[in-house]
Amino acid sequence: DITWLMTGTPIQNGEKDLYCLYQLLGFKNIKSTIEMLVRTHMLRRKKDRAGIVLPPCNETIVPVEWKYKKEQLLAENIHARLGFSNLHTSEEANVDEHRFKILAKAKKVCVLPKLLKKTMRRRLILDDGVIQKTTKSIVMVRDTSKIESVVAAILLNKDNGKPKLVFCYFHEEIDEIERLLKAQGLNVKKFDGRTSKKERVHILS
């Protein structure tokens, strides 16, 4: 039998991203043979070289309004650290923080605020919108307007006879979507870097 594994993004950060792909194909000792495997067991083609003509992409952008005040206040506080956001905060910005780190936090807070629990300094978010540092336990914003919007869209279309494919940036993000959908009785399969080889084969079969 011949097995083909097709992927549009085989490498994101380095050769280690290839290890799980070759492992899924049944290769062993991948680390020591990776250069040979790339030469002999990888076919790389761009769309124009492969003769692939894709249909027009139908893109629908759905604006999501903030549903929770604390979630909005936290997001505005993070985005205010970026000069182009046109937002302002009464909190003193950390001038030593790299812009890339702030952008990463801005993305996380818009997707799932609790993703910031490992990177944010300890803070207490008060009902009046004032954010103060605290050495006590962190009061995290657990509500997430965007994920709830995604789940609502899936539930709205759950009976149209079509499977739903959701791409996520973060593990906790996909975990949250899985939890909410399963709570509604939907059958959910999760495929990410934590999925075992056996589980991947089962999902793809």
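Phe 27 is partly exposed, with a relative accessible area of 26%; here buried means under 20% relative accessible area, exposed over 50% and partly exposed in between, for a 1.4 Å probe and protein chains only. The model is a predicted one, in which local features need pLDDT of at least 70 and side-chain atom pairs count only at pLDDT 80 or more, while totals for chains, interfaces and linings use all residues. Residues are numbered from 1 along each chain as its sequence is written, and side-chain values use heavy atoms, with hydrogens and water left out.

The structure holds two aromatic pairs, taking rings of Phe, Tyr and Trp (its six-membered ring) to pair if their centres lie within 6.5 Å, with planes under 30 degrees apart called stacked, over 60 edge-to-face and the rest tilted. Tyr 22 is buried, at a relative accessible area of 3%. The pair of Tyr 169 and Phe 170 is tilted, with 6.1 Å from centre to centre and 45° between the planes. Tyr 169 is exposed, its relative accessible area being 62%.

Of the 205 residues, 27% count as buried. Contact is taken as heavy atoms within 4.5 Å, and among contacts between residues at least 6 apart in sequence, 47% join residues at least 24 apart.

Helix H1 (residues 16–24) packs on helix H8 (residues 197–204) at an angle of about 70°, with the axes 10 Å apart. H1 is therefore roughly perpendicular to H8. Axes are lines fitted to C-alpha atoms, for helices over the stretch in contact, and angles run from 0 to 180 degrees between N-to-C directions; angles under 35 degrees count as roughly parallel, over 145 as roughly antiparallel, 65 to 115 as roughly perpendicular and the rest as oblique. From H1, Cys 20, Gln 23 and Leu 24 meet Lys 197, Arg 200, Val 201 and Leu 204 of H8.

Helices H6 (residues 145–156) and H7 pack at about 45°, with their axes 10 Å apart, and so are oblique to each other. The crossing of H6 and H7 is right-handed. Ile 147, Val 150, Val 151, Ile 154 and Leu 155 of H6 make the contact with Glu 173, Glu 176, Ile 177, Leu 180 and Leu 181 of H7.

The loop between H7 (171–183) and H8 contains Asp 192, and Leu 186 is found in the loop between H7 and H8 too. Asp 192 counts as buried at 11% relative accessibility. Leaving aside neighbours within four places in sequence, Asp 192 is in contact with His 171, Ile 174 and Arg 200. With such neighbours likewise set aside, Leu 186 is in contact with Ile 154, Leu 155, Lys 158 and Leu 181. The C-alpha atoms of Leu 186 and Ile 154 are 9.8 Å apart, although 32 residues separate the two along the chain.

Notes: Helix = DSSP H or I, 4+ residues; strand = E, 2+ residues; numbered from the N terminus. Left-handed = near helix turned anticlockwise from the far one by under 90°.
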